[in-house]
Amino acid sequence: MALMQITIIPIGTGSTSVGDYVAGVQKLLAGKDFHYELGDMGTLIHGRAAELLRLAAEIHECPFLEGAQRVVTHITIDDRRDVDRSIGEKRAAVQARLERG
């Protein structure tokens, strides 16, 4: 299983706010069978890499459906196949190291 962080940036919308576009993506994700978390700078999604790439294409289209004329999408995929990781495990591992000193 893989983790994907995706950030959409609608450009030329006449506003500096992107909250409505992010809300549109969250509505799309709510209807999908993926575990995801909204963060301040993007959304983290857990799933199989091939499925995540297809989902990224759908997410990229969301701002266009809301009237955006240009969209920049940043995608980072961590596809680790030797163990199954879920959202939050990397953060917890670092926190454990910090607590050990």
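## Close-up views of a predicted model

**View 1. A nonpolar surface patch.** Leu 53, Ile 75 and Ile 77 make a nonpolar surface patch of about 240 Å². Patches take residues with over 30% relative accessible area and no salt bridge; nonpolar side chains (Val, Leu, Ile, Met, Phe, Trp, Tyr) are joined within 5 Å, like charges within 9 Å. Accessible areas come from the Shrake-Rupley method with a 1.4 Å probe; for residues, only the protein chains shown count as cover. Ile 77 lies in strand β4. Ile 77 counts as partly exposed because its relative accessibility is 31%; buried means under 20%, exposed over 50%, and partly exposed in between.

This is a predicted model: local features need pLDDT of at least 70, side-chain atom pairs count only at pLDDT 80 or more, and totals for chains, interfaces and linings use all residues. Residues are numbered from 1 along each chain as its sequence is written, and side-chain values use heavy atoms, with hydrogens and water left out.

View 2. The open sheet has 4 strands in the order β2-β3-β1-β4, with antiparallel pairing. Two strands pair if DSSP finds at least two bridges between them. Helices (H or I, at least four residues) and strands (E, at least two) are DSSP runs, numbered from the N terminus. β2 (35-38) and β4 (70-79) are the edge strands, each pairing on one side only. Strand β1 (residues 2-11) pairs with β4 over 10 bridges. Here Ile 11 stands opposite Arg 70. Helix α1 (residues 19-30) packs on the sheet and touches β1, β2 and β3 (43-47). Contact means heavy atoms within 4.5 Å. The direction of α1 makes about 165° with that of β2. Axes are lines fitted to C-alpha atoms, for helices over the stretch in contact; angles run from 0 to 180 degrees between N-to-C directions.

**View 3. A salt bridge between Glu 58 and Lys 32.** The closest N and O atoms of this pair are 2.8 Å apart. A salt bridge is a side-chain nitrogen of Lys or Arg within 4 Å of a carboxyl oxygen of Asp or Glu. Glu 58 lies in helix α2 (residues 49-65) and Lys 32 in the loop between α1 and β2, so the pair ties together parts 26 residues apart in sequence. Glu 58 is partly exposed at 35% relative accessibility, and Lys 32 is partly exposed at 30%.

View 4. Arg 81 is exposed, with a relative accessible area of 71%. Asp 82 is exposed at 57%.

Notes
Buried < 20%, exposed > 50% of the residue type's maximum accessible area, 1.4 Å probe, protein only.
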